[in-house]
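Please open the model in your viewer and follow the stops below in order, selecting each group of residues as it is named.

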Amino acid sequence: MRSSQTLPLFPLHAVLLPGAALNLRVFEARYLDMVRECGRNGGSFGVCHILAGGEVGAPATPAAWGVEALIEDFDVGPDGVLVLRLRGARRFHVGSTRVRDNGLVVAEVSWCEPDSDDELQPEHGLLGTLLEHILEQAGGEHAGAGPAQLDQAAWVGWRLAELLPLSEQQRLCLLQENDPQQRLDRLLQWIPDFDVPEQEL
């Protein structure tokens, strides 16, 4: 773990992953205040999976692991609600939390070490091939990924975690794993549970 920092949290029923994009509707006063504060200070906030509670109303209980959310863009929807375009950045571990008077959960977090740039091991080659086929079919922002990215263990793991039909609990499990190779091992174990056509492999 690296240095600690105070970070406001936005608990969600979804798991934000490093490098992944997320559109987030913001309408509660506590979160609008948080976004304004981030804008003034050039700060960020964290997204954590909800263990108990809801996304609106009383403060939810967040998971102990989360991802820093960077605001890439924003817009106002036809209903007048603010919509943020977020990008997952650094992983963190929550040490303690407190709730402000407005209901915003604020945490003391420790930043996780950045992922290593290890290459895919031979036993994980199937996962690189699977991701390449998924990107060819699904398109999207990662469709132009080159061989260098498709051979990087951490990048392949996070993109598969983003694109495969995993449960949020499975994504949270991967988020807690510090070793990119161990994340790929878990994905290999889960592949038989997915409905993946044989020709893709």
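Is the crossing of H5 and H6 left-handed or right-handed? The crossing of H5 and H6 is right-handed, meaning that the near helix is turned clockwise from the far one by less than a right angle.

Before going further, note that this is a predicted model, in which local features need pLDDT of at least 70 and side-chain atom pairs count only at pLDDT 80 or more, while totals for chains, interfaces and linings use all residues. Residues are numbered from 1 along each chain as its sequence is written, and side-chain values use heavy atoms, with hydrogens and water left out.

Select residues 168–175 (H5) and 180–190 (H6), whose axes come within 9 Å and cross at roughly 155°; helices here are DSSP runs of H or I with at least four residues, numbered from the N terminus, and axes are lines fitted to C-alpha atoms over the stretch in contact, with angles from 0 to 180 degrees between N-to-C directions. H5 and H6 are therefore roughly antiparallel, a term for angles over 145 degrees. Now show the side chains of Gln-170, Cys-173 and Leu-174 in H5, which meet Arg-183, Arg-186, Leu-187 and Trp-190 in H6, contact being heavy atoms within 4.5 Å.

On the H2 side, the contact includes Leu-127, Gly-128 and Ile-134, and on the H4 side it includes Trp-155, Arg-159 and Leu-163.

Technical notes. Helices (H or I, at least four residues) and strands (E, at least two) are DSSP runs, numbered from the N terminus. Angles under 35 degrees count as roughly parallel, over 145 as roughly antiparallel, 65 to 115 as roughly perpendicular and the rest as oblique.
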